[in-house]
Amino acid sequence: NLSDRLTRVVKTITGEARITEANTQEMLREVRLALLEADVALPVVKDFISQVKERALGEEVLNSLTPGQALVGIVNEQLTKLMGEKTEDINLAAQPPVVILMAGLQGAGKTTTTGKLAKYLKDTLKKKVMTVSADVYRPAAIEQLKTVSGQAGAEFFPSNIDQKPVDIALAALNHAKRQFFDVLIVDTAGRLGIDEAMMNEIKALHAAVNPTETLFVIDAMLGQDAANTAKAFNDALPLTGVVLTKMDGDSRGGAALSVRQITGKPIKFMGVGEKLSGFERFHPERVAGRILGMGDIVSLVEEAKKGIDQAEAEKLAKKLKSGKAFDLNDFLAQITQMRKLGGLQGLIDKLPSQLMKGAGQVDANAAEKQIKRTEAIILSMTPMERSKPDLLKASRKRRIAAGAGVQVQEVNRLLAQFDQMRGMMKSMQKGGLAKMMRKMGGGK
Ligand code: GDP
Ligand code: MG
């Protein structure tokens with residue numbers, strides 16, 4: 001699959017000390033094959049490769065200290081770009097009831113997604129949501145929508161197979177208006193393939209209800225076919241967004257990479273399971289990372305750069321350079337920096353899955369609590385105590401423990417940790433750490 005293949009490419013290339021025209025070509029050929037194997041549409045692959053190539057042979061890679069990594073970074077960035085760069089939310093900027101029209105082939109996941117979206121709008125965005133089914137070809141489809149709407153806690157507007165789709169939608173809209181609903185989601189019928197009758201029907205529905213969002217729902221497992229289907233729907237309807245379903249399955253990733261490029265419309269959500277909880281906003285950089293099989297490592301590094309306060313880092317670097325001792329104020333500053341990185345759970349979520357295999361027992365919650373307690377203990381000390389930790393004898397420790405609401409042993413444990421860290425800092429004071437801290441802070 002795409003991840004495996006790209007991972008292999010990435011491994012080879014990261015080992016290379018120098019980037020040459022030759023090994024760049026080789027890498028690009030591998031990436032190209034990987035994308036084709038993943039069933040990404042050919043025009044999309046061509047564009048992608050030429051963009052990566054242009055950048056790969058440019059300054060940013062050639063001047064980089066680690067060209068292999070720079071290349072991987074470029075592939076990652078371009079993959080992200082291919083899928084839309086930023087995370088886009090549902091557009092509800094219209095006079096309520098805001099209408100959302102669901103379009104797509106049969107089996108794509110429209111009805112399931114209607115339920116998921118209703119739940120998201122209701123639980124997360126606190127909207128009053130109504131759903132209606134204009135699928136008059138399969139009585140079971142209407143029942144199915146009723147069930148998922150019930151699970152989502154949304155109002156279901158009944159319909160039946162003797163009615164015309166446009167009449168159903170208009171009746172629902174009328175009702176939603178009178179009952180002051182914020183959102184009306186119109187689920188529609190799909191065929192197994194694209195045909196004119198289906199396109200005409202959904203066009204008529206679109207004209208009748210004037211939706212704010214027209215979401216194209218597509219099965220991520222479709223691969224190459226996704227391109228044709230997406231194009232047909234995009235030509236027939238003014239789509240406003242895409243929902244990629246079944247991203248939990250064994251998809252080769254092709255649809256995710258093609259659909260944005262082909263429609264020019266943002267992928268807003270993805271389905272990651274049959275249940276209503278299997279629904280997420282679409283984060284292009286995360287999906288790109290997943291496709292590359294390296295978790296969110298890249299964004300993790302970027303976040304780390306952002307999270308570490310430049311001034312703070314400089315201050316510490318200067319202090320260490322001047323030969324002054326590392327004290328508890330510095331220790332506290334470091335802990336605060338760590339918290340800024342989004343907490344441990346955030347870090348753990350971003351690590352590559354391979355790394356995390358077998359590490360299921362990491363309890364981020366407990367670790368997070370531990371950090372908070374450490375902070376509380378240091379904050380219970382006087383500034384004097386923080387800058388001269390050697391002052392901390394039994395009676396002061398008891399006072400601090402009481403202030404932080406912990407046992408004296410915990411204060412002792414913290415001081416032991418601090419001692420260890422101070423030892424480390426001393427040995428690094430020759431300039432190595434200062435340099436590192438400045439680098440992390442984004443400076444030169
Ligand atoms: P529709 O014909 O477009 O309305 O498609 P349905 O909503 O009826 O979904 C078709 C099948 O795909 C059902 O069996 C769903 O449970 C399944 N399905 C929908 N979305 C997802 C998803 O994100 N993940 C998985 N694994 N299955 C899904
Ligand atoms: Mg359906």
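I call a residue buried if 20 or more other C-beta atoms lie within 10 Å of its own, exposed if 12 or fewer, and partly exposed in between, with C-beta atoms placed from the backbone. Strands (E, at least two residues) and helices (H or I, at least four) are DSSP runs numbered from the N terminus.

A note on the source: this is a predicted model, in which local features need pLDDT of at least 70 and side-chain atom pairs count only at pLDDT 80 or more, while totals for chains, interfaces and linings use all residues. Residues are numbered from 1 along each chain as its sequence is written, and chains are lettered from A and ligands numbered from 1 in the order in which they are written.

Strand 1 (residues 98-103) runs parallel to strand 5 and is joined to it by four bridges; here Met102 stands opposite Leu215. I take two strands as paired if DSSP finds at least two bridges between them. Strand 6 (residues 241-245) is also parallel to strand 5, with five bridges, and Leu215 stands opposite Gly241 there. From strand 5 the chain passes through helix 10 (residues 224-236) to strand 6 in a right-handed β-α-β crossover (clockwise from the first strand over the helix to the second, with the strands pointing away from the viewer).

Then I looked up the core. Of the 85 residues in the largest nonpolar core, Leu184, Val186, Ile218, Leu244 and Val259 touch the most other members. Such a core is a set of buried Ala, Val, Leu, Ile, Met, Phe, Trp, Tyr and Cys residues joined through C-beta atoms within 7 Å. Strand 1 gives the most to this core, six residues.

On to ligand 1. I found 18 residues around it, the closest being Gly109, Lys110, Thr111, Thr112 and Gly271 (a residue is near if its C-beta atom, placed from the backbone, lies within 6 Å). Helix 6 (residues 110-124) supplies the largest share of this shell, three residues.

Last, the backbone. Most residues other than glycine have a negative phi, and most peptide bonds are trans. I noted a cis bond from Pro96 to Pro97, with omega near -5°. Lys246 has a positive phi of about 60° and counts as buried, with 23 C-beta neighbours inside 10 Å. Phe180 has phi near 55° but counts as exposed, with 9 such neighbours.
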